[in-house]
Amino acid sequence: MFCCFKNCMNGFSLTQSVPIRVKSNPVQLDTLHMGHEVVIVKGGQRVCGSGCALGNAPLVQNKAYFEVKLQQGGVWAVGLATRETDLNRVHGGVDKDSWCLNSDSTVRHDNVELYHLKPAPQDSPTTEILVTTANSNDDNQTENEKQDSEKGCEKAAVMPGEGDVIGVAYDHVELNFFLNGKNMEIPVRNVRGALYPALYVDDGAILDIILDNFRYPPPSGYEKIMVEQSLL
């Protein structure tokens, strides 16, 4: 545990030789809304420990985007959640108040697997994953989507690894995940409520949230999370 905490603090110092920087972006991870065993450092940009940490600002604009760098592997999840979610859980999407991509190769909501990412056949590139969608009775699905869901294997995707950057884009219609700037093609629909960035960690995982100066260009029309005053 000490080793994991040491890695979490890597690059962070309280010595007088390091000047205090005033963050221009008021959005960060929220120490008032995190699990009991969660640790937030680096000015609210890094999370480690065990549990969930939410952002301190909801996604209120039409198209919001943020990124998460997988600094160190372990058990982790990235997505959106309301403040009613259980912050002491280490997996995302296991309750009705969270929608998340998980390190166990699932995309979940309300403890239902919306997608299950499985290793591709041996004759395929090792980084490819076949995405299987859960059967759905969603009336908003198109006929083609329903047929794809019934078939099972829908498309190829890639699971993030250490050093990768996960992009999260939400437009109040769909939640989409990106891997190093490329759409993973695993859209999540019917995401509702006052939603916040949600980062879950356990078993040594370290995640860094990126709220501006993105590593990859956001999708067209998407911007960084803005506080409500900025929208007036």
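**Figure 1. Aromatic pairs in the predicted model.** This predicted model holds two aromatic pairs. In one of them, the ring centres of Tyr-65 and Phe-178 lie 6.5 Å apart with the planes at 80 degrees, so this pair is edge-to-face. Tyr-65 belongs to strand β4 (residues 64-72) and Phe-178 to strand β12 (residues 174-179), so the pair, by its 113-residue separation, links distant parts of the chain. Tyr-65 has a relative accessible area of 2% and is buried. Phe-178 is buried too, with a relative accessible area of 11%.

**Figure 2. Tyr-65 with Phe-214, and the ring cluster.** Here the ring of Tyr-65 meets that of Phe-214: the centres are 4.9 Å apart and the planes stand at 80 degrees, so this pair is also edge-to-face. Phe-214 sits in the loop between β16 (206-210) and β17 (223-224), 149 residues away from Tyr-65 in strand β4, and the pair links distant parts of the chain. Take a moment to follow the rings around this view: ring pairs link Tyr-65, Phe-178 and Phe-214 into a cluster.

**Figure 3. Strand β5 and its cover.** Strand β5 spans residues 75-81, and seven of its seven residues are buried. In a regular strand, side chains alternate between the two faces of the sheet. Both faces of β5 are covered, with Val-75, Ala-77, Gly-79 and Ala-81 on one side and Trp-76, Val-78 and Leu-80 on the other.

**Figure 4. The strands joined to β5.** Let us now turn to the partners of this strand. Strand β15 (residues 196-202) runs antiparallel to β5, and seven bridges join the two. Within this pairing, Val-78 stands opposite Leu-199 of β15. Strand β6 (residues 98-102) is also antiparallel to β5, joined to it by five bridges. A handy residue to look for here is Asn-102 in β6, the bridge partner of Ala-77.

**Figure 5. The surroundings of Asp-30.** Asp-30 lies in strand β1 (residues 29-34). Its relative accessible area is 9%, so Asp-30 counts as buried. The side chain of Asp-30 reaches the backbone nitrogen of Leu-32 at 2.9 Å. Beyond its neighbours within four places in sequence, Asp-30 is in contact with Ile-40, Leu-54, Gly-55, Asn-56 and Arg-83.

**Figure 6. The whole protein, for orientation.** Of its 232 residues, 45% count as buried. Among contacts between residues at least 6 apart in sequence, 63% join residues at least 24 apart. The protein exposes about 12200 Å², of which carbon and sulfur atoms supply 48%.

Terms used. Residues numbered from 1 in each chain as written. Predicted model: local features only at pLDDT ≥ 70, side-chain atom pairs only at ≥ 80, totals over all residues. Heavy atoms only, no water. Buried < 20%, exposed > 50% of the residue type's maximum accessible area, 1.4 Å probe, protein only. Helix = DSSP H or I, 4+ residues; strand = E, 2+ residues; numbered from the N terminus. Pairing = 2+ DSSP bridges. Polar contact = N/O pair within 3.5 Å; in protein donor to acceptor, adjacent residues only side chain to side chain. Contact = heavy atoms within 4.5 Å. Areas by Shrake-Rupley, 256 points an atom, 1.4 Å probe, with all protein chains shown as cover. Phe/Tyr/Trp six-rings, centres within 6.5 Å; stacked < 30°, edge-to-face > 60°.
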